[in-house]
Each structure stands twice: as C-alpha cells, then as structure tokens.
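Have the chain open while you read.

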Amino acid sequence: MTVTEAIRARRSIRRYKDGEISDEHLKLILEAAMCCPSARNMRPYEFKVVKSAEKRRELSALSANFKMLATAACTVIVCGRPDLEEGMGHEFWQQDCSAATENILLQATELGYGSCWCGTYPVPERMAGVKRVLGITDENCVPFSLIALGIADEAPAARGFYDESRVKYY
C-alpha cells in the first residue's frame with residue numbers, strides 16, 4: 001500500500017473483532033509515530049500502550065466518545081511533554097503530538113488494522129481521567145490522544161473529500 005492509498009483508506013473504526021496486534025506490528029506503529037516531524041526535533045512526546053482489557057474498559061468509560069476502546073485490541077496514548085520544550089520560547093508539542101497521532105493511524109492502516117483517534121487534550125476531565133486510570137502522577141505528562149487499534153469489524157464509507165472551494169492560490 002502506498003502513502004496515497006493509506007491516506008485514502010484510513011477510516012475511524014469504532015467496532016472491532018477479537019484479535020491481537022503483534023508486538024512486531026506495535027513496534028512498527030510506534031516507530032512510525034516517532035518518525036513524525038517535530039519542531040526543532042524536540043520530540044516532546046511519549047507513548048503509553050494499554051493492552052489490559054480491564055484498563056481499556058476503564059478508559060472507555062471516561063467518555064461516550066471512547067466506547068470503542070473496550071473492544072479494540074489495544075489503545076495507544078500519545079502524551080505531550082511540554083517540559084521538553086522549556087526555554088525554547090514556543091510550545092509546539094500539540095502539533096508534534098498530532099503528527100505522531102496521524103502517523104500511527106496511517107501505519108496501522110497500511111498494516112491492515114482499524115484505528116480511531118479519540119480526542120483527549122484539551123478536555124480537563126478526559127486528561128485527568130486517563131491519568132487516574134493509568135496511575136500517571138507526572139505533571140509533565142499530558143494525555144493528548146487515545147488511539148484505538150485492532151481488527152476492524154466495520155467498513156465505513158469515506159467522509160473526507162477534496163473541496164476546491166477551500167483552496168486559494170496566491
């Protein structure tokens with residue numbers, strides 16, 4: 001699958017079949033995340049991989065938008081680390097975490113898995129809930145996104161499309 005094909009094949013999957021993601025594939029997915037562009041190469045992120053069914057159920061209860069986490073094979077949590085940018089005069093960790101999240105989605109698609117980006121940052125109760133469920137006490141760790149990964153049990157139609165009216169050339 002080419003990048004062009006992966007971009008166009010990617011869907012937000014909310015129903016999953018039983019099955020696991022191999023450690024080899026998880027490593028490829030996380031490697032793709034860490035290959036994302038990063039402002040000044042600060043790489044202000046870290047990743048939490050939740051395989052535990054019990055923890056995924058607890059995470060799924062944090063928001064109606066997180067329900068699919070309970071049935072996915074695993075959840076990858078992209079966490080921002082703003083402290084790694086201190087003294088730089090800017091905060092680009094959100095953009096870097098977004099790029100990492102998108103790379104996870106595209107790599108999962110290329111490997112044949114379904115995925116769904118669940119927005120966490122900047123909703124305080126979602127961020128606090130994730131930290132509580134996982135026992136994260138580090139104040140420098142900011143749960144940015146939760147990503148459900150697994151074997152898709154649905155094939156939704158594409159919702160993204162090219163819209164010429166949103167493009168201006170100068």
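This is a predicted model: local features need pLDDT of at least 70, side-chain atom pairs count only at pLDDT 80 or more; totals for chains, interfaces and linings use all residues.

A disulfide would need the two sulfur atoms within 2.5 Å, and a search of the whole structure turns up zero of them. Both cysteines are tucked away, though: C97 is buried, and so is C116.

| Residue | Relative accessible area |
|---|---|
| C97 | 0% |
| C116 | 2% |
| T75 | 0% |

**The helix pair**

How do α2 and α4 cross? Helix α2 (residues 23–34) and helix α4 (residues 93–110) have axes that come within 7 Å and cross at roughly 145 degrees, and the crossing is right-handed. On the α2 side, the contact is made by L28, I29, A32 and A33, which meet A100, N103, I104, Q107 and A108 of α4. Sorted by class, that contact has seven nonpolar residues, two polar ones and no charged ones.

**Around α3 and α5**

Now for helix α3 (residues 53–60), where R56, L59 and S60 are buried. These residues lie on the same side of α3, because they cover an arc of only 100 degrees around the axis. Their cover includes strands β2 (45–50), β3 (74–80) and β5 (142–152), along with helix α5 (124–134).

Helix α5 has its own buried set: R126, M127, G129, V130, K131 and V133. Among the elements covering those residues are α3, β3, β4 (114–119) and β5. Just past the end of α5, G135 takes a positive phi of about 70 degrees.

**T75, in the strand**

Is T75 buried or exposed? This residue belongs to strand β3, and T75 counts as buried because its relative accessibility is 0%. Leaving out residues up to four places away in sequence, T75 touches K48, V49, V50, R56, L59, L69, L146 and I147. Two names in that list, R56 and L59, also turn up among the buried residues of α3.

Technical notes: Residues are numbered from 1 along each chain as its sequence is written. Side-chain values use heavy atoms; hydrogens and water are left out. Buried means under 20% relative accessible area, exposed over 50%, partly exposed in between (1.4 Å probe, protein chains only). Axes are lines fitted to C-alpha atoms, for helices over the stretch in contact, and angles run from 0 to 180 degrees between N-to-C directions. Helices (H or I, at least four residues) and strands (E, at least two) are DSSP runs, numbered from the N terminus. A crossing is left-handed if the near helix is turned anticlockwise from the far one by less than a right angle, and right-handed if clockwise. Contact means heavy atoms within 4.5 Å. Ala, Val, Leu, Ile, Met, Phe, Trp, Tyr, Cys and Pro count as nonpolar, Asp, Glu, Lys and Arg as charged, and the others, Gly among them, as polar. The arc is that of the directions from the helix axis to the C-beta atoms.
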